[in-house]
Amino acid sequence: MIRPLLCLLGLLISCSSFAQNTEIRGFIYEAESSEPSIYTSVYLKGTTYGAQTNLDGFYSISKVPPGSYTLMVTSVGYDSITIPIVLKAGDKISKKIFLKKSSVQMKEVNVSAESEEKKTDVRISVNKITPKEIRQIPTVGGEPDLAQYLQVLPGVIFSGDQGGQLYIRGGTPIQNKVLMDGMVIYNPFHSIGLYSVFDADIIRGADIYTGGFNAEYGDRISSIMDITTRDGNKKRIAGKVSANTFTAKALVEGPIKKEKEGEGGGISFLMTAKTSYLDQTSKSLYSNLDSAGLPYSFTDLYGKISFNSSSGSKLNLFGFNYSDDVDYNAATNLHWTSSGFGTNFLVVPTGSAAIIDGNFAYSGYKINLKEPDGRDRFSEINGFNTGLNFSYFLGKDEFRYGLEMLGFKTNYQFTNSFGSSTDQTENTTELAAYMKLKKIIGKLVIEPGVRLNYYSSLSETSIEPRLGMKFNLSNTIRLKAAGGFYSQNLMSASSDRDVVNLFYGFLSGSDDLPKTFNGKDVDSKLQKARHIIAGIEFDLPFHLTLNVEGYFKDFNQLENINRDKIYENDGQHSEKPDYLKQDYIIENGTARGIDFLLKYDYKKLYVWAVYSLGYVKRFDGIRTYEPSFDRRHNINLVTSYRFGKKDVWQANVRWNFGSAFPFTQTQGFYEQLSFPDGTGTNTSNQNGQLGIFYGELNKGRLSTFHRLDVSLQRSFHLSKNSNLEITAGATNVYDRENIFYVNRVTNSRVYQLPFLWNFGMNLTF
């Protein structure tokens, strides 16, 4: 398998020979901190040649005819920059530019590069998130968080405030790959679903792909979250301290070696710590809760050192430790920890048309759930991932290729409701190579790609073609489509018998699968899916934009824990059918739907309106059922408004509506005996446990969910670099009783978060 990968790499490298062209490129930074200025417009005035900076602040404008030009750099809130440029045939000019904050409030900004980007990028099923957008959602507890913003994206279903997970266009959490600076993060969300492990103040940007992603991403069959953190301040010591009714946080950053304009690079650091004390404050501050309060607490630690050269090349070293604890009703106890360290780099070779980036990281995750019935669960995963990528900018076209390698070990222990145990320890290595081309032909943009994955533990290769397209019907209407083949090895260690699932564990794909499924031979041990997505974009009058996307995901092979296992898979039970004795089963299914996004973002007002209609089905060889996250209708309305002198006030409102989730009803109860002496057991003196007769899988529906959140912020300017911000808000303003779960034995109901006011302050310096 190694030889074909090396041959493919050689072919890819040889393809780079055509990447010789006239080019203007470089990096845009914020002068105050030397942090990259992302999504900044860079263009040649009076022409259609332009680009937007990426998350590294990098831009490239190539295949420009010789001549004299004016290079324009524009960004909201910063002074525009104009630079005379004279280009000769074959020139490759590099410009490193620093933007200074504008002393005059800008009412308009030239967005010609952004408008051009809409026409030249496929941009289907991807949401590009910036810190500004995260702060336009009502801040629960006074601190913005990525988890709260992700919940309002098209196609994203959130299963609740407590124990909540994100389900993206029919995919389960295990089918969503989360990357932070190239490192795999195995559990990005805390058990209290309002918070992610990512501090919003260290996020530079995040790309959320809800389907149809191209060949640079793999090893997941539903979606990708690619999060990039920022570097520490390279000019001065800075920081932030905050406290509110839910959490407290401290951040400090600064230069180890200062970077100066026009001189060599610098070295900077960034450290942040965040902790929750909701389990304590909920008992004293919120009388509408029961005496147990909210049993959630977590602590997140993160650190980063960045080395930057004068050419824009950089090296980052980073590490983290996240932990989470739940002690629910003194009965269910859950604890998980996640930790890791890694490095990533960006190289800009002198005289080359390429830029090179790569990473190496090691991360681990361990979770332990103790249940009152003694059916404890344990899951652990740890391993490394590394990658190397090459990018070429050829006018408005781009070519990218690379290699990836991943290795991990999983350990899992679980006992199901029938008392049958599952134990697995696996070591896995995966290799991948990919290439992707973006080509513009008139009004058509095509983005073909191919990914080659090799799963060593399963001795299986997966060839995965991908394709994205966009056609510009006019300057304001664009058609787009994407699709491809996808595979993954990891499977979930959760049981879908649970109405609510706090346990989030991992299993490696197993060899112990049924030989046939639905009357056909099983020729693969991988989980696989195919995506088809089509959409249309409208630039409407009055600064409105409308995006409509329809999707179909064919999960043609899935693996799941066998919920029906009764017997051990041994010689004694050889006559029993596979579905009653094997640890794992094969399933398939589909997800289909349509998402509408209407957006207004102009001057002081921001409006975001999303409606999603979705249908999810699964078939396990015996029955067709709707999984527990099959929500038919989902609506999110968000409004943010800035007002007052110098916009020191900001009001945020969010309303969410979701139709009912499926769940498995209880039909009855029985005494479950363990028969310790086999057929010789005297049942007359045995006391069994309470057993449950379940109804048909997920044939019931819970009640609908809806919730209104609001927040109001006031900023106070203290000095040149210091600001105080006070935030007050409320979650579930009209105190809707949204169901958390129903106790199967007592039939008592436990609800999601009630009305909770919150208050917080933060000081930046």
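First, the ground rules. The model is predicted, so local features need pLDDT of at least 70 and side-chain atom pairs count only at pLDDT 80 or more, while totals for chains, interfaces and linings use all residues. Residues are numbered from 1 along each chain as its sequence is written, and side-chain values use heavy atoms, with hydrogens and water left out.

Now the chain as a whole. It has 5 helices and 47 strands; these are DSSP runs numbered from the N terminus, H or I of at least four residues for helices, E of at least two for strands. The radius of gyration is 27 Å, close to the 27 Å that the globule rule gives for 765 residues, so the chain is as compact as a globular protein of that length. That radius is taken over C-alpha atoms, and the rule is 2.2 Å times the number of residues to the power 0.38. Along its principal axes, the C-alpha trace spans about 95 × 65 × 50 Å.

Of the 765 residues, 56% count as buried. Buried means under 20% relative accessible area, exposed over 50%, and partly exposed in between, with a 1.4 Å probe and protein chains only. The accessible surface comes to about 31000 Å², and carbon and sulfur atoms hold 56% of that surface. Areas come from the Shrake-Rupley method with a 1.4 Å probe, and for residues only the protein chains shown count as cover. Among contacts with a separation of 6 or more, 65% are between residues 24 or more positions apart; a contact is heavy atoms within 4.5 Å.

Next, strand pairs, where DSSP has to find at least two bridges between the strands. Strands β22 (377-394) and β23 (397-415) run antiparallel and are joined by 17 bridges. One of the pairings is glycine 387 with glutamate 404 in β23. The two strands form a hairpin with 2 residues between them, and glycine 395 in the turn has a positive phi of about 65 degrees.

Strand β43 (705-717) has two partners to show. With β38 (649-658) it runs antiparallel through 10 bridges, and with β44 (723-731) it runs antiparallel through 8 bridges. Serine 711 of β43 pairs with asparagine 652 and also with glycine 729 in β44. A hairpin of 5 residues links β43 to β44.

On the surface, Ile256, Ile305, Phe307, Leu315 and Leu317 form a nonpolar patch with about 390 Å² of accessible area together. Patch residues have over 30% relative accessible area and no salt bridge; like charges are joined within 9 Å, and nonpolar side chains (Val, Leu, Ile, Met, Phe, Trp, Tyr) within 5 Å. A salt bridge is a side-chain nitrogen of Lys or Arg within 4 Å of a carboxyl oxygen of Asp or Glu. β18 (296-308) and β19 (314-328) each supply at least two of the patch residues. Isoleucine 256 sits in β16 (247-257) and counts as exposed because its relative accessibility is 54%.

Last, two loop residues. Arginine 169 is in the loop between β10 (166-168) and β11 (176-180), and at 3% relative accessibility it counts as buried. Phenylalanine 542, in the loop between β32 (527-540) and β33 (544-561), also has a positive phi, about 60 degrees, but at 69% relative accessibility phenylalanine 542 counts as exposed.
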